[in-house]
Amino acid sequence: MTLPAQDGGVRSPAPHGAAADARSAGGALDLQLPAICDFSVTNVCNAACDFCGFSRDQVPVGPRRLVDADAFARAVPILYRRGIRYMTLQGGEPLVHPEIVALVSAIAGGGIRCA
Ligand code: SF4
């Protein structure tokens, strides 16, 4: 992969995070991206930020939802095979999910880093 440079030439992007992991042993960029998956595990939140539609003080737009932990665990190997190496869990507030430990364990057990 090359990027336009300020001088009109082209340059390769600097190795950084997931992109660095995508480089093969020979240094060529192996485009199995995206390597990052942002996943919302619930639309529930216990905070009350004024600007946010997930706030506990807002009228819910739809039903409160929690991702099914077993289905999530089945999805992790698929994500790994598709090149995902980093996941962020989001919400709502992901820590209100009653099975958050199982979700994080499934990610870590599947060889994916979790934040
Ligand atoms: S989801 Fe984040 S921004 Fe929204 S109410 Fe909860 S803590 Fe605040």
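Predicted model: local features only at pLDDT ≥ 70, side-chain atom pairs only at ≥ 80, totals over all residues.
Residues are numbered from 1 along each chain as its sequence is written.

**Figure 1. Overview of the protein, with 3 helices and 5 strands.** Helices (H or I, at least four residues) and strands (E, at least two) are DSSP runs, numbered from the N terminus. Along the sequence, these elements follow the pattern β-β-α-β-α-β-α-β. Of the 115 residues, 12% count as buried; a residue is buried if 20 or more other C-beta atoms lie within 10 Å of its own, exposed if 12 or fewer, and partly exposed in between, with C-beta atoms placed from the backbone. Two residues are in contact if their C-beta atoms, placed from the backbone, lie within 7 Å. Among contacts between residues at least 6 apart in sequence, 62% join residues at least 24 apart.

**Figure 2. Packing of helix α2 (residues 69-81) and helix α3 (residues 100-109).** Two packed helices are described by the angle between their axes and the distance between the axes. Here the angle is about 15 degrees and the axes of α2 and α3 are 9 Å apart. Axes are lines fitted to C-alpha atoms, for helices over the stretch in contact, and angles run from 0 to 180 degrees between N-to-C directions. The helices α2 and α3 are therefore roughly parallel to each other (angles under 35 degrees count as roughly parallel, over 145 as roughly antiparallel, 65 to 115 as roughly perpendicular and the rest as oblique). In this contact, Ala69, Phe72, Ala73 and Val76 of α2 meet Ala102, Leu103, Ala106 and Ile107 of α3. The residues of the contact divide into 8 nonpolar, no polar and no charged (Ala, Val, Leu, Ile, Met, Phe, Trp, Tyr, Cys and Pro count as nonpolar, Asp, Glu, Lys and Arg as charged, and the others, Gly among them, as polar).

Figure 3. With 14 C-beta neighbours inside 10 Å, Arg113 counts as partly exposed. Leaving aside neighbours within four places in sequence, Arg113 is in contact with Arg85 and Tyr86. The C-alpha atoms of Arg113 and Tyr86 are separated by 4.7 Å, although these residues are 27 residues apart along the chain. Cys114 has 15 C-beta neighbours inside 10 Å and also counts as partly exposed. With neighbours within four places in sequence again left aside, Cys114 is in contact with Met87, Leu89, Val104, Ile107 and Ala108. From C-alpha to C-alpha, Cys114 and Ile36 are 9.8 Å apart in space and 78 residues apart in sequence.

**Figure 4. The largest nonpolar core, with 8 residues.** A nonpolar core is a set of buried Ala, Val, Leu, Ile, Met, Phe, Trp, Tyr and Cys residues joined through C-beta atoms within 7 Å. The members of this core are Val41, Val76, Ile84, Met87, Leu89, Leu103, Ala106 and Ile107. Strand β4 (86-90) and helix α3 each supply at least two residues of the core, and the largest share, 3 residues, comes from α3. Not counting residues up to four places away in sequence, Leu103 touches Val41, Ala69, Phe72, Leu89 and His97.

**Figure 5. The peptide bond from Gly91 to Gly92, which is cis.** Most peptide bonds are trans. The bond from Gly91 to Gly92 has omega near 20 degrees. Gly92 is found in the loop between β4 and α3.
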